[in-house]
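Morning, everyone. Please bring up the model, and keep the aromatic rings in view.

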Amino acid sequence: CDALESAVIGNGVRAIESYAFYKCMNLESVTIGSSVTSIETCAFYNCNKLSRLSIPDSVKKVGSSAFYSCTQLKEISLGNGLQQIFSSAFYNCDSIEELRIPDSVTKIYANAFNDCDSIGSISIPNSVTTIGNRAFADCDSMKDITVGSGVTDMSHDAFADCGMLN
């Protein structure tokens, strides 16, 4: 898919399956239809020109490594229906500056936002019960963290190596 620069996932599609846009290195924009309920493993892995992403409210799950190493991903909007962010989903998306975790999310798995160097602050809503191993580790610009009262299981190194934290 070397020449692919944009994609529209139309209504009627229920899942963006594993490896669907794997290493589409020139993919700059994607529109996800409101019938999509899951984005599976490595769906947009290493789509390093993707700069904006809006995940609709219909999506319940972002799979493992779904957006791994999308290094130019700067603007991201996570839909209000999202429940689980799986391991390494946004690993090494080091251009994301602002991130709002919706109140619908219950679990953030290991390495979900590891090495997202530009995120300055994060607020974990009360709906989240689990924050996995190194979920926000190596976020070099992270200065502020607010963890909601619903968290009952947080890995001891969920925020490890965030150099700007006091």
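Start with Phe 90. Its relative accessibility is 0%, so Phe 90 counts as buried. Buried here means under 20% relative accessible area, exposed is over 50%, and partly exposed is in between, with a 1.4 Å probe and protein chains only. Phe 67 is buried too, at 0%.

A word on the source. This is a predicted model, where local features need pLDDT of at least 70, side-chain atom pairs count only at pLDDT 80 or more, and totals for chains, interfaces and linings use all residues. Residues are numbered from 1 along each chain as its sequence is written, and side-chain values use heavy atoms, leaving out hydrogens and water.

Now the pairs. Searching the whole structure gives eleven aromatic pairs. Phe 67 and Phe 90 have ring centres 5.2 Å apart and planes at 5°, so they are stacked. The rule: rings of Phe, Tyr and Trp (its six-membered ring) pair if their centres lie within 6.5 Å; planes under 30 degrees apart are stacked, over 60 edge-to-face, the rest tilted.

Next, Phe 113 and Phe 136. This pair is also stacked, with 5.3 Å centre to centre and 10° between the planes. Phe 113 has 0% relative accessibility, so it is buried. Phe 136 is buried, again at 0%.

Which residues form one aromatic cluster? Phe 21, Phe 44, Phe 67, Phe 90, Phe 113, Phe 136 and Phe 159.

Last, a charge. The charged end of Lys 61 sits over the ring of Phe 86, 5.2 Å from its centre. That takes NZ of Lys or CZ of Arg within 6 Å of the ring centre and within 35 degrees of the ring normal.
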